[in-house]
Amino acid sequence: MLTLDLHPIFRNNRDIELALRQAVFRARHTGEPLQIIHGKGSGRLRDRVLAFLGQKHIRSLYDHLEVDPANPGRILVHFAPRP
């Protein structure tokens, strides 16, 4: 499972978007699930991550995502197996 921790870059919007994009493409290439750690906080970073993942061109890259019920500070993104 690939992991992206957004804690070190949570203040910089450009770095967040770049890190998310790179992680999604890397996970898509390997087929591994992606764990995005955004923390619990106020939920603004979680909303930003979900908005990024909800974009049409990004949504087409993964199979489904889930907000971990045991830990609301992370999102799991699952990719369909590549042929």
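**Salt bridges in a predicted model**

R46 is partly exposed, with a relative accessible area of 29%. Partly exposed lies between buried (under 20% relative accessible area) and exposed (over 50%), using a 1.4 Å probe and protein chains only. This is a predicted model: local features need pLDDT of at least 70, side-chain atom pairs count only at pLDDT 80 or more, and totals for chains, interfaces and linings use all residues. Residues are numbered from 1 along each chain as its sequence is written, and side-chain values use heavy atoms, with hydrogens and water left out. The structure holds three salt bridges. A salt bridge is a side-chain nitrogen of Lys or Arg within 4 Å of a carboxyl oxygen of Asp or Glu.

**The R46 pair**
- R46 forms a salt bridge with D47, and their closest N and O atoms are 3.5 Å apart.
- D47 is partly exposed, at a relative accessible area of 44%.

**The pair in helix 1**
- E17 and R21 join their side chains in a salt bridge, at 3.1 Å from N to O.
- Both residues lie in helix 1 (residues 13-30), four residues apart, which is about one turn of the helix.
- Helices are DSSP runs (H or I, at least four residues), numbered from the N terminus.
- E17 has 30% relative accessibility and counts as partly exposed.
- R21 is partly exposed as well, at 28%.

**The D68 pair**
- D68 and R74 meet through their side chains in a salt bridge, at 2.5 Å from N to O.
- D68 counts as buried, at 11% relative accessibility.

Key: Helices (H or I, at least four residues) and strands (E, at least two) are DSSP runs, numbered from the N terminus.
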